[in-house]
Amino acid sequence: QVQLVESGGGLVQAGGSLRLSCVGSGSIFSIKPIGWYRQAPGKQRESVAVITSGGIADYANSVKGRFTISRDNAKNTVYLQMNSLKPEDTAVYYCNTPGSSHWGQGTQVTVSS
């Protein structure tokens, strides 16, 4: 059934910050890499950041230096700290295990200029 739930989106001005959360429903969460993805209107979904079970992170070039992905396996939670937000970051943000075709509802991030 449903295993991942995103939250934390909202409306912010350019230059502002948001922290997104991705909560897993079971212990299997802690042994899987987890990625954050986003999809803007009219565009294909793209990878933003990924973190391994051991906490090693990788980022898309567009967010390097601004976003930080982290995880707390004891809480079955992955976070995406987003700083210095730009209007181009506006999208629905999803979390998922890389390679999975099952997507949740995501959380909306809107950055105004």
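1. A handy cut-off to begin with: a residue is buried under 20% relative accessible area, exposed over 50%, and partly exposed in between. Glu46, at 36% relative accessibility, therefore counts as partly exposed. Please keep in mind that this is a predicted model, so the points below describe a prediction.

2. Let's take the sheet next. Six strands make up an open sheet with mixed pairing, and their order is β2-β10-β9-β4-β5-β6. At its edges are β2 (10–13) and β6 (57–59), each of which pairs on one side only. From one strand to the next, the twist averages 25°.

3. One end of that order is worth a look on your screen. Strand β5, residues 46–51, pairs with β6 in the antiparallel sense, and three bridges connect the two. If you want a landmark there, Ala49 has Tyr59 in β6 as its bridge partner.

4. Now for the interior. As a general point, nonpolar side chains in soluble globular proteins tend to be buried together. Here, the largest nonpolar core has 24 residues, and the members that touch the most others are Trp36, Leu80, Met82 and Tyr93. Which strands supply at least two residues each to this core? They are β3 (18–24), β4 (34–39), β5, β7 (67–72), β8 (77–82), β9 (91–96) and β10 (107–112).

5. On to the charged residues. Side chains of opposite charge can pair when their charged atoms come close. A search of the whole structure turns up three salt bridges. One of them joins Glu46 to Arg38, with 2.8 Å between the closest N and O atoms.

6. Is Asp89 buried or exposed? Its relative accessibility is 1%, so Asp89 counts as buried.

7. Asp89 has another partner, Arg66, and here the closest N and O atoms of the salt bridge are 2.7 Å apart. Again distant parts of the chain are linked: Arg66 is in the loop between β6 and β7, Asp89 is in the loop between β8 and β9, and 23 residues separate them. Arg66 counts as buried because its relative accessibility is 10%. Through shared partners, the salt bridges join Arg38, Glu46, Arg66 and Asp89 into one network. I would display these four side chains together when you open the model.

8. Last, a word on the backbone in two loops. Asn76 is not a glycine, yet its phi is positive, at about 50°. Asn76 is found in the loop between β7 and β8, and with 14% relative accessibility it counts as buried.

9. Ser84 is another residue other than glycine with a positive phi, in this case near 50°. With a relative accessible area of 41%, Ser84 is partly exposed.

Notes. Residues numbered from 1 in each chain as written. Predicted model: local features only at pLDDT ≥ 70, side-chain atom pairs only at ≥ 80, totals over all residues. Heavy atoms only, no water. Pairing = 2+ DSSP bridges. Helix = DSSP H or I, 4+ residues; strand = E, 2+ residues; numbered from the N terminus. Axes fitted to C-alpha atoms, helices over the stretch in contact; angles between N-to-C directions. Core = buried A, V, L, I, M, F, W, Y, C linked by side-chain atoms within 4.5 Å. Buried < 20%, exposed > 50% of the residue type's maximum accessible area, 1.4 Å probe, protein only.
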